[in-house]
Amino acid sequence: MKALVSVKRVVDFNVRIQVKPDGSGVVTDGVKHAMNPFDEIAMEEAVRLKEKGKITEIIAVTIGGAKCEETLRTALAFGADRAVHVKEEGEVQPLTAARALAAVVKKESPLLVLLGKQAIDDDNGQTGQMLAALLDCAQATFASKVEVDGNKAKVTREIDAGLETLEIDLPAVVTTDLRLNEPRYLKLPDIMKAKKKPIEPVSLADLGVEVAPAVKHLKTTNPPVRGKGVVVKTVDELVAALKQKGLIS
Amino acid sequence: MEYDVVIVGAGPAGLAAACRLKQLAATAGKEISVCVLEKGSEVGAHILSGAAFEPRALNELFPDWKEKGAPLLTPVTGDDVYFMLGATRAVKMPGLFVPRPMHNEGNYIISLGKLVRWLGQQAEGLGVEVYPGFAAQDAILDENGVVRGVVLSDAGVSRSGEHKEGFTPGMELRGKYTLFAEGCRGHIGKKLMEHHGLAKDADPQHYGIGLKEVWQVEPGRHRPGLVVHSAGWPLDTANPGGSFLYHFEDNQVAVGLIVDLSYKNPYLSPFDEFQRFKHHPVIKQYLEGGKRLAYGARAITKGGLNSLPKMVFPGGALIGCDAGTLNFAKIKGSHTAMKSGMLAAEAVAEKLLAGGTGADVLDNYTEKFRASWLYAELHQSRNFGTWLHKFGAIVGGGINWVEQNIFGGRVPWTMHDMKPDHASLAPAAESVRIEYPKPDGKLSFDKLSSVFLSSTNHEEDQPVHLKLKDPSVPIQKNLPLYDEPAQRYCPAGVYEVIRDGDKPRFQINAQNCVHCKTCDIKDPAQNITWVAPEGGGGPNYANM
Amino acid sequence: MSKILIVAQHSGGKLNAGTAKALACAQKIGGDIEIAVFATDGSSVAAEAAKLGGVKTVVQVDNPANDHGLAAVLAPQIAELAKSRGASHVLAAGSTFGKDLLPRVAALLGVPQVSDIMLVHAPNKFDRPTYAGNAVVTVETSASPVVATVRQASFQAAAAGGSAAIEKVSTSAKLPTHTRFVSIEAQKSERPDLQSAGRVVSGGRAFGSSDNFKLLYALADKLGAGVGASRAAVDSGYVPNDMQVGQTGKIIAPELYVAIGISGAIQHLAGIKDARTIVAINKDAEAPIFEVADIGLVGDLFQILPELTQKL
């Protein structure tokens, strides 16, 4: 029983984002990158499922340029057994990513595909759902609890209204939310071992994947700056102002 | 885990040493295993320097660095030196009157962070194992005091010291030789110096704190390759220092102020001096209308040859700023750090390739150092900082001009500066309180929004990595005597004296720490010890 | 002329507020607007949707399989409906419902999806946030239909005042059975979760002690708000770490954020910049929090807080 985990290399969450003066994007050159934090949670979940004996092999997949190999090495240090690197230097949007992952899924036939609920760079949050659509299988997004039982799984999802539990038939796609687990500290010996684990390079063409229609990025700008509001003198005025804005009744 | 050589710190010294070891092993057709540990979350994350870079050591290490794509992109094209007479006035020094080591022909304006990232790639390409995100906590000393490697800091310990889920004890990394390249005031280097008495024949070490920002400037104000240095305002003879401003690629300018940590006035705040400094017309002319992109700070080791400790001990050596190889006359430490790393690597390789099993004293490193251009360079400028310190920028600078330009540094006297920096503060009662202007949000900023730009982060739930030997000292001694200067010398707002209750209380916001080490150096009671936090913590400098 | 299909979100027979926000976005795009209601029996929701302003038709798709709004079940029906009704746009609120559902719809239609529209430039040109709101990208799509979620914090709910026709339709899409609803439970904690709460009150170091935070809890309970704190308050040991709001703590986007005794260090502001309305109460009139506050009140929190709690 295999689990496939999709991981993405993104600008590290600690990095202060700078929009390029020419509006062509954000500064990524010389900036620290890391595995998308939600993907770390997906990796951790896969490793826990393996430790519980629910699955026997973990395959990490990434799609992107040569530098993404370091992200796969991180996944291997987490505990992936091997990795597939779909090499593509150009921009990869969610639908293309989903097509590439679907092609890898068809080749590997995993029981479970785990992805982060979104990548913290583009904040699209689409790939998992698109992948499930292409595979015509069940999806459970924003997972905060995953229990695998044979060819079924119970997944608790963090939705706006609370916690929803679904039962899904496997194979299925699960996307992970923050509270699913706390990813482990990587140990130096595991990082050392990861250097020797196999990474299989493939191209979109090898997978027979055509690049999907894409959304065009015209320009990137800084978010609007919040302006200064009004200053009130008394608590009564404050209460009145809140009422006027419809924030309290 | 056992290696031939363990190197602590992936800066210019550590990585140059690692590359040199692999090169020498390859030439000899033998294997030397080399591992480099870096406490930053990635190589370059904790690197901060000006930097006007002299390529001498790099030329020796990688003669083909251009073909290999080393990021030396902007040659120095102009070299202005100003003496700031006040908040608005300055005189430009004619080139003739500038001490020779301060000339920059043939040098490059670089981001040392970028260069170090490139060096990291070269090292990995040569087979060095580089592990960022792992902090060495301590040297492993055997019963005979021989250094056998290092032990990493634990991961997953709570603030109160309990083991959290996923606790990982720090593992040991053993090496036949261990090279310490932690940079200025390395916390293991400091311990080794004490343990082995390495500094007992040297003058006290001297330090500065360098604060730096990177600005995106208006294209019309950008002069690629221009180097601007200044002395004088806002600092003075009792509280000396100097500034730099470098125009490098992409309409970016690096600006910084170095404040000598021998400053006397406990009310002085290096951060605020730097902020007001940027309003000087000489500086403002470039920055006005621009946008600040990055901020950081780091202490520098500037005592030079007179303060240089013995660099070797059984089983290893100190290299780069961990030892103190910066040339203060040039205000440059990168080429000297690299060279010291390369010399140590040559010494280690000599031993290992001859079948040595390590653990002995690398006397051949000392010999190679003595015979090198590095030593000659440091010897030439050994009095530079002392003259400045003793007589200020004008008189001291004049003496330096005579020494360096007339005598080429070959003078028969050596000046000593025996007072350590932590002992230089005058009592608050005898000092003038400094009222700093409010930041305008355009050229000058407050501390916290500055720290924000350093992308500093630490896992919050971990023990405080700034240890007080005696927790009562800040409030009971430092506060009445010096108005607790930590509040001001820390460039990241780590230390606060809070007076919200009936009694003042000392707070340490360890999470803000940019790992500059100034507190460890300047605390008048020498009560603060900087230890390594969980690996990966600290600033995340992009290209500083 | 655009033809916009909005997927209604509802629960307990009531329309969710996000739908009216998606409608506001649709109105900016301009064109004929239809709202699709998927339910076992969507009559009451459809009737409610029909009263929203500027809606042409409400399409009611009743099917017991639609009971829990499962993405895998709804997506093929929406894809079919988008085609049969000639939709140029398919929109839904950027809630967990919309975010779960629309990418699946887009993939079935073979088109990309636009997440979190925050501003409409043209029917196919939008602004959307990336990097946790630290950068805004203007995107253009030539795909048809345009499938997009609408960032709820960026739009005011469209006003009522319409009387759209309600049309009952059925679809022929084959519905999967691989996904089954088991249960739903509301968040258990007494106070709403900090990250998902619509209202949040936060306290800073000015509280002076952990005991004084009781004043804040009292206000929170009155408002039904989540409770946060500044890092300074956490570092002072007044409250646990998981209450920290800011760059290194939780990044939140409530409708109402009340910062009390918080000076507004930039790290804190980074965590609340998406809040819709910020109220600041601080005794220091110069505190940076007032630079970003929509409503400010200068004064001593120990006097203001009890009074405010009482008067709400």
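**The nonpolar core and its surroundings**

Mentor: In this predicted model, the largest nonpolar core has 156 residues, and the members that touch the most others in it are B:Ala17, B:Val36 and B:Ala344. Helix H7 of chain B, residues 334-353, provides the largest share of this core, with 10 residues. Let us consider one member in detail. Leaving aside residues up to four places away in sequence, B:Ala344 touches B:Ala17, B:Leu179, B:Ala317, B:Ile319, B:Leu362 and B:Tyr365. There is also a second, separate core of 144 residues, which includes A:Ala100 and A:Val215 as well as C:Ala20 and C:Ala107. As a general rule, nonpolar side chains in soluble globular proteins tend to be buried together.

The second core names residues of chains A and C, which leads us to the contact between these two chains. Chain A contributes 61 residues to this contact and chain C contributes 60. On the side of chain A that touches chain C, several elements supply at least two residues each, including helix H3 (94-108), strand E9 (162-169) and helix H6 (235-244). The greatest contribution to that side is made by E9(A), with 8 residues. Sorted by class, that side has 34 nonpolar, 13 polar and 14 charged residues. E9(A) also pairs with strand E13 of chain C, residues 179-185, in the antiparallel sense over 6 bridges. Within this pairing, A:Ile168 is opposite C:Thr179 of E13(C).

The buried residues of H9(C) are C:Leu301, C:Ile304, C:Leu305 and C:Leu308. These residues lie on the same side of H9(C) because they cover an arc of only 100° around its axis. Exposed residues C:Gln303, C:Gln310 and C:Lys311 are carried on the face of H9(C) turned away from the buried side. The buried residues of H9(C) are covered by elements that include H6 of chain A and, from chain C, helix H5 (213-223) and strands E16 (256-260), E17 (277-282) and E18 (295-298).

Finally, we return to chain B. In the contact between chains A and B, 16 residues of chain A meet 25 residues of chain B. The side of chain A that touches chain B has 7 nonpolar, 3 polar and 6 charged residues. Within chain B, strands E5 (residues 78-84) and E6 (residues 90-93) run antiparallel and are joined by 4 bridges. These strands form a hairpin with 5 residues between them, and B:Phe83 stands opposite B:Val91 of E6(B).

Note on methods. Residues are numbered from 1 along each chain as its sequence is written. Chains are lettered from A and ligands numbered from 1 in the order in which they are written. This is a predicted model: local features need pLDDT of at least 70, side-chain atom pairs count only at pLDDT 80 or more; totals for chains, interfaces and linings use all residues. Two strands pair if DSSP finds at least two bridges between them. Two residues are in contact if their C-beta atoms, placed from the backbone, lie within 7 Å. Ala, Val, Leu, Ile, Met, Phe, Trp, Tyr, Cys and Pro count as nonpolar, Asp, Glu, Lys and Arg as charged, and the others, Gly among them, as polar. A residue is buried if 20 or more other C-beta atoms lie within 10 Å of its own, exposed if 12 or fewer, and partly exposed in between; C-beta atoms are placed from the backbone. The arc is that of the directions from the helix axis to the C-beta atoms. A nonpolar core is a set of buried Ala, Val, Leu, Ile, Met, Phe, Trp, Tyr and Cys residues joined through C-beta atoms within 7 Å.
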